[in-house]
Amino acid sequence: MAPASAPTAATRVALHTLRDWRSWPDSLASLWRRSLRFRTILITLALTALAIVVACIWMALAIQNDLFQARKDQVLADSQRATEAAQGILDAAAPQGDSARLQSLMNLVGTELTQQSTSDLIRTFRIDRSTSQIAPQDITTGLGEDIISDELRDTVRADDTRQWWQSVSLPTEDGDVPGIVVGQQLNVPDVGGYELYLAYDLDSASQTLGFVHTTLWVVGIGLVLLIGAISWFVLRSVTTPIGEAADTSAKLAAGELGVRLPVRGEDELATLGRSFNAMADSIESQIKELADLSLVQQRFVSDVSHELRTPLTTIRLAADMINDQRADFDPSTARAAELLNAQVQRFETLLTDLLEISRYDAGSVQLELEPTSLAHLAADVIGSMQQLAEQHGTDVRLVAPGGYSPVEMDPRRIRRIVRNLLGNAIEHGEGRPIVVTVDSDQQAVALGVRDYGLGIKPDDLERVFDRFWRADPSRTRTIGGTGLGLSIALGDARLHGGELALWSEVGRGSHFVLTLPRDLASERTGTRLTAPSPIPADPGDDAVAAIDALGLTQPIEVIDVAAARAASRDAERAGGGS
Ligand code: ADP
């Protein structure tokens, strides 16, 4: 177990992300895109929070309304009771216009109002504004005149039968509190109507409302968190198996055919797991069958090639002998002997190539490495093919600014690649000059073979490295290609951890570039060449640049492909007719 103080890699990454707050928006956006669980939880939380906020606001408003209504009813009943009691006292009295009696009657009414109602904020106004000698003074118990609006007073003055009320804010020591003022008329004998106002605060209702608000908030937030946690657990039980299925499919796709999904229970996920495993079983068995079949085919090709070798050697000796004596034969027999010899030679090349290919397929190819200078090797091959080049009227030039220092390679195989590339260039170069370039950098050595021949059609570019593929099999062949040359060359290059790149344009010719890593050890560890080759495959507009290399007096022109093809067909027809 790791010590508690040592943070794991995941924790370190999380901490780093937390500290680097500028990357939060990006991290969240990528989490949103990549994690089904995160996305679903976020959507669930957002929708739940919205629903809960709407429900809470609705409940708060309903409760507030209800509380206010109840308090209002209570206040109106209280005020009605007190007013009736006060009016009862006034009606029972007979002050007989005596101002002192009226004043004490009014004081009694004030005491009665205070006792009968729960309000201690009481105020009266005489309705008749004219001066009177006998009218008692207004009751003013704590309720300021400014709190009662003119509107309410007008309404109360206008109607002596009903109660009127209005919401107000009452000033207290702790600030303003919401309240209700209830107004009604009192009839004082001998004097006339008085406006009576009683004010009540809604403090208790506000407190209850505050408590309800707090409870709603706490319950709402608690619910959101609870639903978030529940969705996280529920989602985990669904997304974990989906994640496992995704990982397992990725492994299967990467070639790990033995991986299977764990199957638990009998629900839909278990069905998915079983179907997946059945699919994996079927793929594995089919691939195994195909591999067995391909192994049988490889063995067959290898065995046939081996078996053919012995009789072919005998045929070859006989053909050589007959060919040597062709001078003694009549012309048609001599021609037949020549043809026999050429075809036997081709047969032998084909057989050698087939054997090589079957060795690649069997994975039994071993490199015989020795330090070799690619520039010297290229010069060697060019020398050995000089005669063929001359036959085609082709001028082959070597331009080697680098690549002299020896590099570990299998010289026999690299020589074979260069010979093949050069042979193809001579074959398809239309007698135009060929430039062989050798160069190197710190990582790699490279050799390019550039011809200015007909080039390869874009559709065919992909296929030139295919086995037995030839662009135009009917073309006259001088070195008897088998269609296996480039496929073997690519195999050899890759065996060295190198690459064989191709650029070609119809009418402008082709450029094959072989790149080999300087450090073969890196190839052994499975790393391929990633840096660009010292010789880029695309030669750019090198027709002019080649003038210097070739010592020409004029740039190389682009070939008129149609005309060249027509000319070659005419030549073939003329040859066939003779
Ligand atoms: P082959 O033995 O026929 O030369 P390769 O595998 O070497 O087989 O080449 C496959 C085909 O690629 C050739 O038949 C030819 O059509 C085409 N090809 C190869 N090199 C060139 C080139 N330099 N220019 C044009 N076509 C080429």
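Predicted model: local features only at pLDDT ≥ 70, side-chain atom pairs only at ≥ 80, totals over all residues.

Trainee: Where is D201, and is it buried or partly exposed?
Mentor: D201 lies in strand β5, which covers residues 192-201. With a relative accessible area of 35%, D201 is partly exposed.

Trainee: Which residues form the nonpolar patch?
Mentor: V219, L223, L226, I230 and V234 form a nonpolar patch on the surface. Together they have about 420 Å² of accessible area.

Trainee: Take I230. Where does it sit, and what is its relative accessible area?
Mentor: I230 is in helix α6, residues 203-253. Its relative accessible area is 46%, so I230 is partly exposed.

Trainee: Let me step back. How many helices and strands are in the protein chain?
Mentor: The chain has 16 helices and twelve strands. Of its 578 residues, 35% are buried. The accessible surface comes to about 33,500 Å², and carbon and sulfur atoms account for 57% of that.

Trainee: And the contacts? What share is between residues 24 or more positions apart?
Mentor: Counting contacts with a separation of 6 or more, 68% are between residues 24 or more positions apart.

Trainee: What is S79 in contact with, leaving aside neighbours within four places in sequence?
Mentor: S79 is then in contact with Q163, V182, Q184, L198 and Y200.

Trainee: On to charges. How many salt bridges does the structure hold?
Mentor: There are 25 salt bridges in the structure. In general, side chains of opposite charge can pair when their charged atoms come close.

Trainee: What is the N to O distance between D78 and R81?
Mentor: The side chains of D78 and R81 meet in a salt bridge at 3.1 Å, N to O. Both residues lie in helix α3, three residues apart, which is about one turn of the helix.

Trainee: What does D128 form a salt bridge with?
Mentor: With R126, and the closest N and O atoms are 3.7 Å apart. D128 is partly exposed at 39% relative accessible area, while R126 counts as buried at 12%.

Trainee: What about R413 and E356, how far apart are N and O there?
Mentor: The side chains of R413 and E356 meet in a salt bridge at 2.6 Å, N to O. R413 is in helix α11 (residues 411-428) and E356 is in helix α8 (residues 331-362), so the pair ties together parts that are 57 residues apart in sequence. R413 and E356 are both buried.

Trainee: Which residues are linked with them in a network of salt bridges?
Mentor: The network links E356, R359, D410, R413, R416 and D492.

Trainee: Last topic, backbone angles. What is the phi of F468?
Mentor: F468 has a positive phi of about 65°, although it is not a glycine. F468 lies in the loop between α12 (458-461) and α13 (485-495), and at 48% relative accessibility F468 counts as partly exposed.

Trainee: And the phi of D190?
Mentor: D190 has a positive phi of about 70°, and D190 is not a glycine. Its place is in the loop between β4 (175-188) and β5.

Technical notes:
Residues numbered from 1 in each chain as written. Heavy atoms only, no water. Contact = heavy atoms within 4.5 Å. Patch = residues over 30% accessible without salt bridge, like charges linked within 9 Å, V, L, I, M, F, W, Y side chains within 5 Å. Areas by Shrake-Rupley, 256 points an atom, 1.4 Å probe, with all protein chains shown as cover. Salt bridge = Lys/Arg side-chain N within 4 Å of Asp/Glu carboxyl O. Helix = DSSP H or I, 4+ residues; strand = E, 2+ residues; numbered from the N terminus. Buried < 20%, exposed > 50% of the residue type's maximum accessible area, 1.4 Å probe, protein only.
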